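The entries follow in the order I looked things up.

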Amino acid sequence: MINRPDYVNAILRYRDAPFIKILTGIRRSGKSTILRMVRDEIARQGIPGERILHYNFDSMEHEDIKTAKALYQTLKARLSGEKTYLFLDEIQEVRNWEKVLNSLLTEHDVDVYVTGSNSRMLSAEISTYLTGRYISFPIFPLSFAEYLVFRAQFTQVGTPREELPDYLRFGGFPAVHLQAYRPEEIYAIVRDIYHSTVYTDIVQRSQIRKVDQLERIVRFTFDNVGQTFSAASIANYLKSQRRAIDNETVYSYLKQLENAFILHRCARYDIRGKELLKTQEKFYLADPALRYAVLGYTPQSIAAMLENLVYLELSRRGYDVAVGKLDSAEIDFVATRQEKRLYIQVTRQIETPQTEEREYGRLLSIPDNHPKFVLTTDAFAGGEHAGIQTQHVADFLLSDAY
């Protein structure tokens, strides 16, 4: 079990605070492992085993605990008069679990940590029961820095710039970086993650009958990462293939893919008007390997997947990320965290004066002094141009400067 200290330390800062700590993210992103790491660290700090309760609701061992009443009775029977630490893995498998935890927080001395693979974990319904009583920790697949640590356990690791192409192709699901797998083995693992997520968290949970429609929408979104589109444009595309579907159904499927954390919606932000726009959003994948496992590898996809990596890293670091609109021009990312803001352009290479003008000119047109970056994979990337930082994507992903 390879440690992921950034997550563990962030979660443990809220130890004994009167909040439910909720770890959410796509299946196999490492939530269960991080939950065990937090549990083990609390045990190392001197808490006896009888005051640490761990339940995995994906396991057959706890298959009979499916209702709020059963969960409440099971947990209450094991509580003592002293503070008890509850670790509840894949809690969404228990109906009305939020009512149980709200009751336990009110009636008993407990410190609660839970994981879930569906964004219903943070729905308005749950907020009603847990208002002011929870804090969420989105768990992503491995960052580039974590990827390098995992790889170093079983192979010789090259320089970050040498390793970036493999990170882009094979992604960051921890399961594929525990030993030296061949590419076909990696994609078999990722396809299994994809299918289990789609069919367990979407098809079965939402009782979707037209699975082929869902799969076509998945393929469209995967093939158009980094492109603005709407539910109407997907519906029109499917109609051109003689697959009639209405806009509301498309929107519903996209929402289901978001709920299962396969897709991340990225809104557009009007830089001059200082407002979020509600049309022509972009979508990014939870992990770039999902695209290659489902659609196969194509060199033409590299630019979009580089954008995807940058989007995920910014989100991982707590930024709210949007696509910038500046008059008729587009800024790849406007990233905001409290009072801090970054403007970012991502391009595979700057090969012509026209490309240079496009990438730098748009950033120079922004009427403020927040940091601006052009990220590329050019071998000689680095330095500053008119106040704009130019960095190699690999260096940016590992930087502590933002």
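I looked at F144 and Y147 in helix α6 (residues 144–152): they sit three residues apart, and therefore about one helical turn separates them. Helices here are DSSP runs of H or I with at least four residues, numbered from the N terminus. I noted that the model is predicted, that local features need pLDDT of at least 70 and side-chain atom pairs 80 or more, while totals for chains, interfaces and linings use all residues. Residues are numbered from 1 along each chain as its sequence is written, and side-chain values use heavy atoms, without hydrogens and water.

I counted rings of Phe, Tyr and Trp (its six-membered ring) as a pair if their centres lie within 6.5 Å; planes under 30 degrees apart are stacked, over 60 edge-to-face, the rest tilted. The count is 17 aromatic pairs. F144 and Y147 are stacked, at 6.0 Å centre to centre with 20° between the planes. Both F144 and Y147 are buried (under 20% relative accessible area, 1.4 Å probe, protein chains only).

Next I took F170 and Y187: the centres are 5.8 Å apart and the planes at 55°, so this pair is tilted. It links distant parts of the chain, with F170 in helix α7 (residues 160–170) and Y187 in helix α8 (residues 183–206), 17 residues apart. F170 is buried at 10% relative accessibility, and Y187 is buried with a relative accessible area of 10%.

I also found a cluster of F220, F229, Y237 and F283, linked by ring pairs.

Last, I checked contacts (heavy atoms within 4.5 Å) between two helices: A231, A232, I234 and A235 in α10 meet N247, V250, Y251 and L254 in α11.

Key: Buried < 20%, exposed > 50% of the residue type's maximum accessible area, 1.4 Å probe, protein only.
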